[in-house]
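The following note sets out numbered remarks on the model shown below. Please read them with the sequence and the coordinates at hand.

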Amino acid sequence: MTTNKPRIAVIGAGLMGHGIAQVFALAGHDVTITDTVKANLDSAKARISTNLKDLGDEQSAVERVTPVADLAQAVRAADYVVEAVLEDLPLKQKLFAEIEKHVRPDTILASNTSVIPITDIVRGLQRRERALGTHWWNPPFLVPLVEVIETQWTKPEAVDFTMRLHAAAGKQPAHVKKDVPGFIGNRLQHALWREAIALVENGICDAQTVDDVIKAAFGRRLAVLGPLENADMVGTDLTLAIHKTVLPAINNRPGPSPYLEKLVQDGKLGFKAGEGFRKWSPEQQQALRAKVLQHLKKAREEDAKH
Ligand SMILES: NC(=O)c1ccc[n+]([C@@H]2O[C@H](COP(=O)([O-])OP(=O)(O)OC[C@H]3O[C@@H](n4cnc5c(N)ncnc54)[C@H](O)[C@@H]3O)[C@@H](O)[C@H]2O)c1
């Protein structure tokens, strides 16, 4: 059954692409999905079905997803195209140039890059005003936020359309008004990670203690109390006094930590090597992944109640 909702094309059927397709299909959109790797395309619907079942979502949503091997055919009828291929600038640039040959002049084009500037990806387009970034978080069907990033060329109508599209699909869009590295979420996240690594590097505590302190203290509040709400709650005057003392002591190195560089040089690559900042047995890895998933599912259930 077709709908009169905007038709979506998703490019790349990997971890993010199949999840993004799932969210739009569940919201009632017809979705085409394409991938250059046949096995990834062929398995997309089965993966979506498994997710829908696991989440207790409407199973028939998967029927609105159509895998299409040919890029031109996948995007031809689309009102909105979102790219989720590998994080590779030349690949994304080439892909967008190709997509633009096959879509209507008013079709909105979005990239789900994690960190590549949207400006660099869309610079060569004929119609840069209809292009923007949409940064989803993994897994796309469990984490509510989608950052909508405009470039200097994006027209306000394209931003409005994209914000409304994602809100109507049950996501929480956040408008990023300048195309800055890391957008909003990753800037904040990695400001915290920089200091977390510095605390270990400087012998103040070990890696587990850093994580324990965050999870058992302000991490408990973070999902319901943002830092600026928190600053207002305690008072901007108190926040100023704290910053005068604490900020000069916090790490402000402009590049990656040598401690992190050494871990990588030594092959301590995290889960995949059994050791990173900490040692990880296969059972511990599995338990932590399961814990995160369970936590996100519970949060989604709570959201659905309100
Ligand atoms: N994994 C995350 O947590 C996450 C979060 C936010 C954003 N992103 C970004 O989303 C994008 C996709 O990441 P992912 O984790 O889903 O990667 P992935 O490797 O799981 O999937 C990428 C898919 O793109 C396909 N592909 C490669 N070239 C293609 C082409 N020319 N045309 C069509 N398909 C092609 C691959 O075959 C693969 O199936 C990246 O830009 C990534 O940085 C990832």
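How do the residues of the lining of the second largest pocket divide into nonpolar, polar and charged?

1. Basis of the remarks. This is a predicted model, in which local features need pLDDT of at least 70 and side-chain atom pairs count only at pLDDT 80 or more, whereas totals for chains, interfaces and linings use all residues. Residues are numbered from 1 along each chain as its sequence is written, and side-chain values use heavy atoms, with hydrogens and water left out.

2. The second largest pocket: composition. The lining divides into 13 nonpolar, ten polar and six charged residues. In this division Ala, Val, Leu, Ile, Met, Phe, Trp, Tyr, Cys and Pro count as nonpolar, Asp, Glu, Lys and Arg as charged, and the others, Gly among them, as polar. A pocket here is an open set of points on a 1 Å grid over the protein atoms alone, where a 1.4 Å probe fits, with protein on both sides within 12 Å along at least five of seven lines; lining residues have an atom within 4 Å of a point.

3. The second largest pocket: extent and contributors. Its volume is about 590 Å³, a volume being the space filled by probe spheres set on the grid points, which are joined across faces, edges and corners. The lining comprises 29 residues, and G12, A84, V85, L86 and L91 lie nearest the centre. At least two lining residues come from each of α1, α4 (89-102) and β6 (131-136); α4 gives the most, with five. Helices (H or I, at least four residues) and strands (E, at least two) are DSSP runs, numbered from the N terminus.

4. Strand β1 (residues 8-11) and β2 run parallel and are joined by four bridges; two strands are taken to pair if DSSP finds at least two bridges between them. Within this pairing, I11 is opposite T34 of β2. Between β1 and β2 the chain passes through helix α1 (residues 15-26) in a right-handed β-α-β crossover. Right-handed means that, with the strands pointing away from the viewer, the path from the first strand over the helix to the second runs clockwise. On its other pairing, β2 is parallel to strand β3 (residues 65-67) over three bridges, and T32 faces T66 of β3.

5. Burial of β2. In strand β2 (residues 31-34) both faces are covered, with V31 and I33 buried on one side and T32 and T34 buried on the other. Buried means under 20% relative accessible area, exposed over 50% and partly exposed in between, with a 1.4 Å probe and protein chains only. In a regular strand the side chains alternate between the two faces of the sheet.

6. Strand β7 (residues 145-149) is largely enclosed by the rest of the structure, because four of its five residues are buried. Its pairing with β6 is antiparallel over four bridges, and G133 stands opposite I149 in β7. With strand β8 (residues 172-176), β7 pairs in the parallel sense over five bridges; H175 in β8 is the bridge partner of V148. The chain crosses from β7 to β8 through helix α6 (residues 156-168), again as a β-α-β crossover that is right-handed.

7. Backbone features to inspect. Most residues other than glycine have a negative phi, and most peptide bonds are trans. The peptide bond joining N138 and P139 is cis, with omega about -5°; P139 lies in the loop between β6 and β7. F183, a residue other than glycine, has a positive phi near 50°. F183 belongs to the loop between β8 and α7, and is buried because its relative accessible area is 1%.

8. Individual side chains. P90, located in helix α4, counts as exposed because its relative accessibility is 54%. L188, in helix α7 (residues 185-201), is likewise exposed, with a relative accessible area of 56%.
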